[in-house]
Amino acid sequence: MTYTFGLDTFGDRNSDAEGQSLSHAQTIRNVVEEGVFAEQAGVDFFGIGEHHTGYFPMPAGDVVLAAIAARTDRIRLGSAVTVLSSDDPVRVFQRYSTLNAISGGRAEVILGRGSSIESFPLFGYDLADYEELFDEKATLFAELLKGGPVTWEGKTRAPLLNQDVVPHTESGPFPAWIGVGGNPQSVIRAARLGFSLALAIIGGPPARFAAYSELFQRALDKFGRPPRPVLVHSPGHVAASDEHAKAEFWPRWRDVITLVAPERGFAIPTRESFEREAGPHGALYVGSPDTVARKIATNLRDLAATRFDLKYGLPGMTHDQLMTNIELYGHQVIPRVRELLS
Amino acid sequence: MSRTSTPDRLAALAEERALEATVTQPRKPSRLAVLGAGHVGPVIARLAIRAGYPVAIATSRDPEDIALITELVIPGVQPRWADDAVAGADIVVLAMPLHRFLRVDPRLLASKLVVDAMNYWPATDGVLQGLGESGSSEIVARRLAGSTVVKALNHIGYHELEDQARPAGASDRRAAGVAGDDPAAVAEIADLVDRIGYDPVRLDSLRRGRVLEAGGPVFGAVLTLPEFERAVREAAGSLA
């Protein structure tokens, strides 16, 4: 079994060592450095999640990925996620196909329905329609990925008649995943449309997703498709020791979840709920390289997944903390997980 | 089966409970219909199946569409058309987004005991008329004038609901609120909540059930029975 390991960021706004927020621009330049450093540290994939807020100033991740592509040779680069419901599938395909050209075939895309919803009012979409928007747009995106001229008609954008959408890729479709947060009907949709499955596990015991992984492969089979990979995306932070990692992560986690809780329906975290999530049966990967590696290995095995993407960083953390996290993840966590799984 | 909340029914229920306390033979469990197979519905269905309830699940579409989901994710559940699932049920659990519920024909649920496990999220549900003066379950109840509505299972995250369930008497058992205007209905749902793994805390009106909503003191919180009762009391005090 071949396992791959990624890092994801939402462009979490950095602070300096004194706790002062850095500018959006400096945060974005830091993300470029982090992506380049991730390759040097031996990470396989670097992903950027689309967000439109002051604490996640990252609406154009593809531009940032292009800058990283120009300075790297091996690391794969993609969205994590693209909020497809409030975007035009044709434009998303064009941007990532362009990234694929710049990077020599290293582009990927993870499509999300939108659990972060700030892009809907920004671009004039009605959130009540997000299910329908996503279904139709993901269907069109699957057509665009095939590469030939596209004929398509729907409710969410202008029809396409035998339309050639450029730039063409050099070697077929680039990898495309659908991000799912726990709705089994979204798992079925990913299989029906022929996408790979990205399980976003940000709370509660990851083991409950084992049934989703099996559901995905069974659904692919039912739709006459070959097996496809499953990846796990979860938040975390790696530092020298468990105590050190928790001390850096917990106050920032409490602050950002408290901030987004009202609109996303999250509970306000307490120290107890955090300790549970950071423990062996929770969804957060916060700790020493060994603690985090063991948890990743266990969950990849239990969920029959072959890729793990750590969503690193939080608003208010320093660039130095993030670089240390990347170094430990690449040099210690990944080799340790491979060892545990071999 | 239609249900009413006449004094006769109350008396019968009280008698049933008294019998239960003395006789070890469990009574015939109520039949559940869970409407919604997204994040929340499958979790509630699994817990109820584990507790011995016969459970059907339905979405707005053909049950064939969710057959794989029910087989793998909710073993033991019956996938049905929504009207069949409701017709065969004593208790109907609403586990769909609130804005979807607003498209459901209230006649579908007429005369049923309905558990409102939904939450109101303005960003996705739009602005609900009358909210601000009343809680979301009161709006649900007004829409379902022919049904008996109880608010429950809305304030524990779907990702925690199974993990936190404990058998009666466990030292780390968590409490869960059950609110409604009809005491017999509240008693019946309190029994359901107890059987699936939580210490029920009864609130004698949907109005008082507002304390269970997002932003309230128990929403998403891990609380034991005394902690939960204290939180509810303090919230009531601060509103008074």
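Guide: Two packed helices are described by the angle between their axes and the distance between the axes. Here helix H2 (residues 61–70) of chain A and helix H3 (residues 89–102) of chain A pack at an angle of about 5°, with their axes 9 Å apart; axes are lines fitted to C-alpha atoms, for helices over the stretch in contact, and angles run from 0 to 180 degrees between N-to-C directions. That makes H2(A) roughly parallel to H3(A), since angles under 35 degrees count as roughly parallel, over 145 as roughly antiparallel, 65 to 115 as roughly perpendicular and the rest as oblique. Helices (H or I, at least four residues) and strands (E, at least two) are DSSP runs, numbered from the N terminus. This is a predicted model, in which local features need pLDDT of at least 70 and side-chain atom pairs count only at pLDDT 80 or more, while totals for chains, interfaces and linings use all residues. Residues are numbered from 1 along each chain as its sequence is written, and chains are lettered from A and ligands numbered from 1 in the order in which they are written.

Visitor: Which residues of H2(A) and H3(A) meet?

Guide: From H2(A) come Asp62(A), Leu65(A), Ala66(A), Ala69(A) and Ala70(A), and from H3(A) come Arg95(A), Tyr96(A), Leu99(A) and Ile102(A); two residues are in contact if their C-beta atoms, placed from the backbone, lie within 7 Å. The residues of this contact divide into seven nonpolar, no polar and two charged, where Ala, Val, Leu, Ile, Met, Phe, Trp, Tyr, Cys and Pro count as nonpolar, Asp, Glu, Lys and Arg as charged, and the others, Gly among them, as polar.

Visitor: How many residues of strand E8 (residues 176–180) of chain A are buried?

Guide: In a regular strand the side chains alternate between the two faces of the sheet. In E8(A), five of the five residues are buried, so the strand is largely enclosed by the rest of the structure; a residue is buried if 20 or more other C-beta atoms lie within 10 Å of its own, exposed if 12 or fewer, and partly exposed in between, with C-beta atoms placed from the backbone. Ala176(A), Ile178(A) and Val180(A) lie on one side, and Trp177(A) and Gly179(A) on the other.

Visitor: Which strands pair with E8(A)?

Guide: Strand E5 (residues 107–112) of chain A pairs with E8(A) in the parallel sense over three bridges, and strand E9 (residues 196–200) of chain A is joined to E8(A) by four bridges, also in parallel; two strands pair if DSSP finds at least two bridges between them. Ile178(A) stands opposite Leu111(A) and, in E9(A), opposite Leu197(A). The chain crosses from E8(A) through H6(A) to E9(A) in a right-handed β-α-β crossover, that is, with the strands pointing away from the viewer, the path from the first strand over the helix to the second runs clockwise.

Visitor: In what order do the strands of the chain B sheet stand?

Guide: Eight strands form an open sheet in the order E3-E2-E1-E4-E5-E6-E7-E8 (chain B), with mixed pairing. Strand E3 (78–79) and E8 of chain B stand at the edges, each with a single partner strand, so one side of each is left without a neighbour in the sheet. Within this sheet, E6(B) and E7(B) run antiparallel and are joined by three bridges, whereas E7(B) and strand E8 (residues 199–203) of chain B pair in the parallel sense over five bridges. In the latter pair, Ala179(B) stands opposite Leu203(B).

Visitor: How is helix H7 (residues 136–143) of chain B placed, and how many of its residues are buried?

Guide: H7(B) lies across E5 and E6 of chain B, running at about 160° to E6(B). Six of its eight residues are buried, among them Ile139(B) and Val140(B), and the buried residues pack against helix H5 (98–101), strand E5 (113–116) and strand E6 (148–152) of chain B.

Visitor: Finally, how many residues of each chain are in contact with the other?

Guide: On the chain A side there are 26 residues, in contact with 26 residues of chain B. The elements giving two or more residues to the chain A side are helix H6 (184–193), helix H7 (210–222), helix H8 (242–264) and helix H9 (271–278) of chain A, and H7(A) gives the largest share, six residues. That side divides into 13 nonpolar, seven polar and six charged residues.
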